[in-house]
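Open the structure in your viewer and keep the selection tool at hand. The stops below say what to select and what is there.

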Amino acid sequence: MKLWDEEHLWSEIKIAEDVRRDYMYKFDEALQSYTGPAFRRDKSEGGELLSNVYESIANALPRLAYHRPTVRVHSGVAQMNERLHWPLTRAEAIEHSMNQWTKTNAIEGMLRIAAVDYVLFQAHLLLVREPARGYIPDAVKNAVEGGVVYHPRAYVLSPHDVFFDSLAQNPEQRRFTGHGQWRDIDELIDEAGNDKAGGWNMETLTAMKKEVSGKSRQSYATNKTVRRNDAYIRYIYVPSAVADPGLEGVRGFHGATFTMIARDGESVAKFARKPMPYYGPDAGPYLIFGTYPVSGTSYSLSTTMATRSINEKTDFLAKRVWEEAKNYKRFLAFRKDSGSLAKQIKNIQTNGLLALDSDEIGKALQEITIGGIERNSMNALDTFSVLRDRLTGIDSQQRGAVAPNATATASMIANNSAEQIGSYQEKVFQEGVLKLLERAAWYFHEDSEAAIQLGSKASEIAGLDGESDFWMFPDPEGIPAEALEIAIELDSMTRGGDVQRRGALMEGAGFVQAMASNSVQFPGMANWEAMAKGALESLNLGPLAATINFNQGAKQLTPEQRDAALGGTPGADRAPGMNGSEAGTGGRFLRSGSSAQR
């Protein structure tokens, strides 16, 4: 039986969702303590905001998603790095397109939401192809097939809605991945009616409308019910499925997507539309990643979940110490028959004095304490607090508390240990962001209906006087994206990354200045230009290295001579709309005021 048979696929989905609920148990507890009853200060439903959940998020977000990511793109294919007849190299064009895409798609806020899921459980992202948003000039629309420009668009999916192959022992073995989404059934029926080529089953949609009409949905965050005509639609990607045999093996098509609607209390489900070919990178539309891999399953384990037990014990002991401190009482006692002392005390209005009839109380005031913090409780709390700090990577210094008796060596060791854990979390998250950007870059190289405005910075580099209406088109007939050997370097999205980047630039500038001076004073002693470029490469400043030229004579070249040196035609107009070179870099550039032929 094929996986994409209607009945079989539905049974697989139900099992996958049951497994997900088991894994989500502790995540839901953490989420409730952050946004649930505790967040709403609902004492009847238990607990206050757990400090460890807040600490995990507050310490992680500045490290993971402080800034919008910016990228630098290189390619192992020489033609991608040559200008030839182009105002930009193909690698440069993809770099500018990606940096423009992250800006126009507001990816910064989206990654912050993904970072919270990543800290608590694991991140779930979806990349789909949609009509481009915002203003698109007519010249650009006319240059693409069908007159509609498409862009990749990324979404954050709730961990409660994503499901995947429960038998997969690692992400590469997943035979299917999908997610559920609530949709207004009337809007869905209207969309399906306007999409004549979409293969929608109008009979199934109409029957679903009767079933959900007048029903209410419960809000997870507020526990309130809202009356809506919503249906829960499941979208599934099966990489091995073939929706159209005529597209099997065709460049850009990988697997198929399915749309299902459950009926009769989810006892059965029907395909809401026919299987559709998936056009996109071969990795598929879903991107799921977490901090720590777990052997034998494709689920990940976050630091928050991994340390949940020790955090709960530490919280329990902290509450116990707090209760003991709250019950602590201190009094001053005196004997009733203490003569003049008793007469003086009668005129003092205070609740901190006790008159006792006891021979054990002398004639002077005596201090009496009741309750208080037990030494054993404090010792246990200190022990578990140290263990929690070591496991979570959030030490006392990061919380703003420094032990007065800690040595410099001890503090350095603790900081290094915490830094390693935090750096690993940052590295894994940035690897996930890189994969998202690589998949988005696929569309800007392959999709014939994708075009993106590169911005004023790119047009300045291209010699177009900073015009903002500078557009890049893909290269669907050139080298396949999978063969480009593209390497995307992600500038750090953290606050500390800014300082590191500026430091590397200053250090690189010093190397270049020293090597340039040596090239003038000792021209035949060494290849100073190569040494300067090597130094910049080691500092991860490859694009800056490519601009170095110690040949002073090059500054005297005329514009025509410089064009000829770059492989172009002397004096040629570098306006967009040129055809691609025969070497295979492909693609087109376009000003919105000009026209281009496909």
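Select strand S2, residues 123–131, together with S12: four bridges join the two, and they run antiparallel. The model is a predicted one. For one of these pairings, pick His-124, whose bridge partner in S12 is Ile-288.

The three strands make an open sheet in the order S3-S2-S12, with antiparallel pairing. Its edges are strand S3 (150–156) and strand S12 (286–289), each of which pairs on one side only. Direction ignored, neighbouring strands in this sheet are turned by 20 degrees against each other on average. In general, strands of a sheet pair through backbone hydrogen bonds, either parallel or antiparallel.

Next, show helix H5. It lies across S2, S3 and S12, and runs at about 35 degrees to S3.

Select Ala-106, in the loop between helix H4 (90–104) and helix H5 (107–120). Is Ala-106 buried or exposed? Ala-106 is exposed, because its relative accessible area is 53%, above the 50% cut-off. Its phi is near 50 degrees, a positive value in a residue other than glycine. Most residues other than glycine have a negative phi.

**Stop three: the largest nonpolar core**

Select Met-98, Trp-101, Tyr-118, Leu-120, Leu-205, Leu-436 and Leu-437. In the largest nonpolar core, which has 80 residues, these touch the most other members. Which helix gives the most to this core? Helix H13, residues 408–446, does, with eleven residues.

Centre the view on Leu-437. Leaving aside neighbours within four places in sequence, Leu-437 is in contact with Val-71, Met-98, Trp-101, Thr-102, Ile-107, Ile-488 and Leu-490. Apart from this core lies another, of 15 residues, and Leu-9, Trp-10, Ala-16 and Phe-176 are among them. In soluble globular proteins, nonpolar side chains tend to be buried together.

**Stop four: a histidine in H13**

Return to helix H13 and select His-445. His-445 counts as buried because its relative accessible area is 1%, under the 20% cut-off. Which backbone oxygen lies 2.7 Å from a polar atom of the His-445 side chain? That oxygen belongs to Ile-479.

Finally, show what surrounds this histidine. Beyond its neighbours within four places in sequence, His-445 is in contact with Arg-90, Ile-94, Arg-251, Pro-474, Asp-475, Pro-476, Ile-479, Pro-480, Ala-481 and Leu-484.

Terms used. Residues numbered from 1 in each chain as written. Predicted model: local features only at pLDDT ≥ 70, side-chain atom pairs only at ≥ 80, totals over all residues. Heavy atoms only, no water. Core = buried A, V, L, I, M, F, W, Y, C linked by side-chain atoms within 4.5 Å. Buried < 20%, exposed > 50% of the residue type's maximum accessible area, 1.4 Å probe, protein only. Contact = heavy atoms within 4.5 Å. Pairing = 2+ DSSP bridges. Axes fitted to C-alpha atoms, helices over the stretch in contact; angles between N-to-C directions. Polar contact = N/O pair within 3.5 Å; in protein donor to acceptor, adjacent residues only side chain to side chain.
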